[in-house]
Amino acid sequence: MEPEFSLIDLLNSLEQPVIILTGDGERVEAVTSAARDLLAPIDPTPWTVPPAWVQELLPPLLTGAVDERRLYRTIGTGGERRHLQVVLKRLASDAILIFFQEAAGPGLGQENIRQLIQGVSTATGATFFRSLVRHLVYALNADHALIGEFVDADRQTIRTVALCIDGEIADNFQFPLAGSPCARVVKEGLQCFPDKVPEQFPEELRAAQLGVVAYYGIPLQDAEGRVIGLMAVMGRRPLLDTQIIVSILQVFAARAASELEHQIAAEARQEQLHFLQSLLDAIPNPIFFKDLEGRYLGCNASLTRTLGVEKAALVGRQVFDVAPAGRAWLCYREDQAVFASGEVRAYETSLTYADGRQRVVVFNKAPFYHRNGEMAGLVGVIHDLTDRKEVEERYRILFDQSPDAILILDPQTSAPIQFNAQMPGLLGYTAEEFATVRLNDPQVNADPTVCREKTAGILANNGQEEFECQLLAKNGEPVAVLIRARAIEIAGQRALHMILRDITQSKLAERQIYQLAYFDSLTGLPNRTLLRDRIHQEIAQAKRSGKKFAIFFLDLDRFKRINDSLGHSIGDQMLKQVSQRLISTVRRSDTIARLGGDEFIILLPQLRHQLDAARVAEKILASLHKPFVMGETEMFSSASIGIALYPDDGQDKEDLLKNADLAMYQAKERGRNTYQFFAREMNQQAIDRMAVESHLRRALERREFILYYQPQIEVQTGRITGLEALIRWQQPELGLVPPAQFIPLAEETGLIIPIGEWVLEEACSQNRRWQEAGLPSVTVAVNISGRQFKEGTLVQSVRQVLKKTGLAPNWLELEMTETILMENADNARETLEQLKAMGVKLTIDDFGTGYSSLNYLKHFPLDRLKIDQSFVRDLIEDPHDARIVEAVIALAHSLQLTVVAEGVETVEQLEFLQQRRCLEMQGYLFSRPKPATDIPPLFLSSVRPGA
């Protein structure tokens, strides 16, 4: 007996939310009352066909790829949301059941992540994007998710390709990046804001309208690493599972980027096809395309106008469908000839236009090919030849007036059959003279074998080819030409049609471009680009042979002083001479490259032993030790060389160059004019240096710097005439770091600017405090670095510090080395005059160690010269230093400048300096540098030697 209840009655009795679809998924068979109640918030009307979000899940079920699909879906908005697990099953009875179950709510558990992966694993294109943002919202407990791409070239505006709001796919829109967290993602990469988005991005109105509190975003990059879009999730409440959210975004970013890149490429292809069709339509001649079966593939607008046939009616048809039988058979035979020979074919025929006119036309047909080289079909162009004489005359004009030389050649005798006016002029002949020339004559052709081989191939294949050749002009000068040749037939005779273009200048430019691209313009040596290529080749060779090779990193010692004092033209001459000496020292198989400045790299292949590299380094140092002659002047230089060996010191070019560089710096630290092999501990030294730099960047804010002061003494009275401020760094982890270790590093990194400003302000403030305490007023001397001087803000900084501290300008002394002043003497003079006008005292420090010009020196508004302690230290034992000190003192007196000797440590030095009328001194003989608290007692009595 048949049951009196249906399947839907049974499901309704179980209160199970279920929907039954037909086996093809196109309509709804039944909906339980529980399902209607559950879906009412988002689908208030009863289901008759499955909605779009269900249709997206059906294809794998309909094709039999899977039997079941699951996803999570959120119903409602804001805080009133319900989370459902949706299950789709295909039954053997050819029906699809959809079950709905209440889920525990979104979160970051493994099940939700699994559902996220499963939900997007089979999707592609727009379906993938919509599925991904919907699953991200659920799996990450978020409220919104988006994937966007740029709509402008400067990447200032984003257009969403998929957008999910409160679990539902929303309409796409575009928005400007400025002021949004998305702008931060595009500029800086992955961004995480677990909460407080409104406070951090107050100008982002759209996020505020959506109530966004949390934001996570990641850039989407194409295969070349360019940012092409972004992916982001947002929440109305804090999203604090940062590590998991970031991991999931990173996992899906590559897939999303790949899909987005594919979509962009597809759009570009469509745009390209549209462009190509537009381009064809812009061509006035009728053009058509056919496949190998003779079916039309397409045409341009001119053809449709000419024949009065729409493109849609032409594509897919053959010529017999659109032309009279006689002309159709002619076209068919010519098409087959093109397909059989692969040659360009041209033939004349009559053609009736759409307006009824009978025209004489020529069809030009040429094959086109697939990327793999196989013939794909032919392209035809129709030319109207009704007025044949006019066309022939125009051709004659084009032939004669062509900027290129045109030659029709007899391949048997290499004699010219016909040529235009440019052909004889190309080689410097008259027309009568050229008529007797034979192109394969060695007096005319520098590459006769090349021409014979090329033309023979063209004739044998009945084809065409483009090749380069070097001809000889009548006067014997070489002429480089580009020849485009093809086989033709004239009155039944085989001939070669040749177009010759003079490329002599372009070949010369090509060589110049190659020279510029791969060689140093000053020395002619290989540059960094060519060097890296040769190192790469040598690594490959060494791997095969098992032999070593060496890389030298050579840097000239104190070369900057030559440039600064004598000018860049002298420096350039010296670099050229250095290059020639290096070339004469090494083997022809070795590579010498200039990286820039005074840095050279030498690649020594096929070394048998480390000792071989040492011998070459010694030869190089010896060659550079000889004087360099610049006109009537002799100059001396030396070099520091770092050596890295393959494979011991690196497996790739980057490591080898880096380690050779480290070894070179080690050679400089060991006194210069030497070589040093790379050692592993050098890397540790580099790491230590980075640590010092890291600590140095935070030293100011942590107040780790202190100033010591060393008195400058008037020897006859013992009176303190000034104090030099000397910086010290008390670092908690590194201890007391000597200035010699951190000042050069501060110069190199630019940190010397804020450090120098701190020293200036602290020294002025301390001097003002001493004056207010009743101590005698003296100048405080502050050293100015080269970077401070070059910045161009020194005058302004000094003025602001004096105003802030209240110190009178005449109690501040600025000390600068002569090298700093001579780097740009004219600008230096202007700066010094502004400081002098302010009332500040000016001193040249370490005088005698640079290459100053006395002509400039006499025009600088200076107050004092300080003799460098390197001369004072040995003036008793070394007569050269003694004479230098005497000369400096005499020079200072002649310029009416006060002279101060630094580094005075012995009574003998004191007496020598006094006898030469140096009356102010500074050094350990009088006082070591002291902290500010120890300075006041020194004013209570005169400072005498041994204090």
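Lys866 and Glu815 pair up in a salt bridge, with their closest N and O atoms 2.9 Å apart. Keep in mind as you look that this is a predicted model. The two partners come from distant parts of the chain: Lys866 sits in strand β36 (residues 864-867) and Glu815 in strand β34 (residues 812-817), 51 residues apart. For the lysine, the label follows from its number: Lys866 has 0% relative accessibility, and buried means under 20%.

Stay on Lys866 for a moment, as its side chain also meets that of Glu902 in a salt bridge, 3.2 Å from N to O. Glu902 is found in the loop between β37 (898-901) and α34, while Lys866 is in strand β36, so this contact ties together parts of the chain 36 residues apart in sequence. Glu902 is buried as well, because its relative accessible area is 9%, under the 20% cut-off.

Salt bridges also link up elsewhere.

Another one to find is Arg501 with Asp404, where the closest N and O atoms are 2.8 Å apart. Arg501 belongs to strand β22 (residues 493-502), and Asp404 to the loop between α14 (388-401) and β18 (405-409), so the pair ties together parts that are 97 residues apart in sequence.

Asp874, Glu877, Glu908 and Glu911 form a negative surface patch. To locate one of them, go to helix α34 (residues 907-915), which holds Glu911. Glu911 has 42% relative accessibility, so Glu911 counts as partly exposed.

Last, the cysteines. How many disulfides does the model have? The count is zero, with a disulfide taken as a pair of cysteine sulfur atoms within 2.5 Å. Two cysteines to look at are Cys299 and Cys331. Cys299 counts as buried because its relative accessibility is 3%, and Cys331 is likewise buried, with a value of 3%.

Notes
Residues are numbered from 1 along each chain as its sequence is written. This is a predicted model: local features need pLDDT of at least 70, side-chain atom pairs count only at pLDDT 80 or more; totals for chains, interfaces and linings use all residues. Side-chain values use heavy atoms; hydrogens and water are left out. Patches are made of residues with over 30% relative accessible area and no salt bridge: like charges are joined within 9 Å, nonpolar side chains (Val, Leu, Ile, Met, Phe, Trp, Tyr) within 5 Å. Accessible areas come from the Shrake-Rupley method with a 1.4 Å probe; for residues, only the protein chains shown count as cover. A salt bridge is a side-chain nitrogen of Lys or Arg within 4 Å of a carboxyl oxygen of Asp or Glu. Lys and Arg count as positive and Asp and Glu as negative; His and the chain ends are not counted. The place of a charge is taken as NZ of Lys, CZ of Arg, CG of Asp or CD of Glu. Helices (H or I, at least four residues) and strands (E, at least two) are DSSP runs, numbered from the N terminus. Buried means under 20% relative accessible area, exposed over 50%, partly exposed in between (1.4 Å probe, protein chains only).
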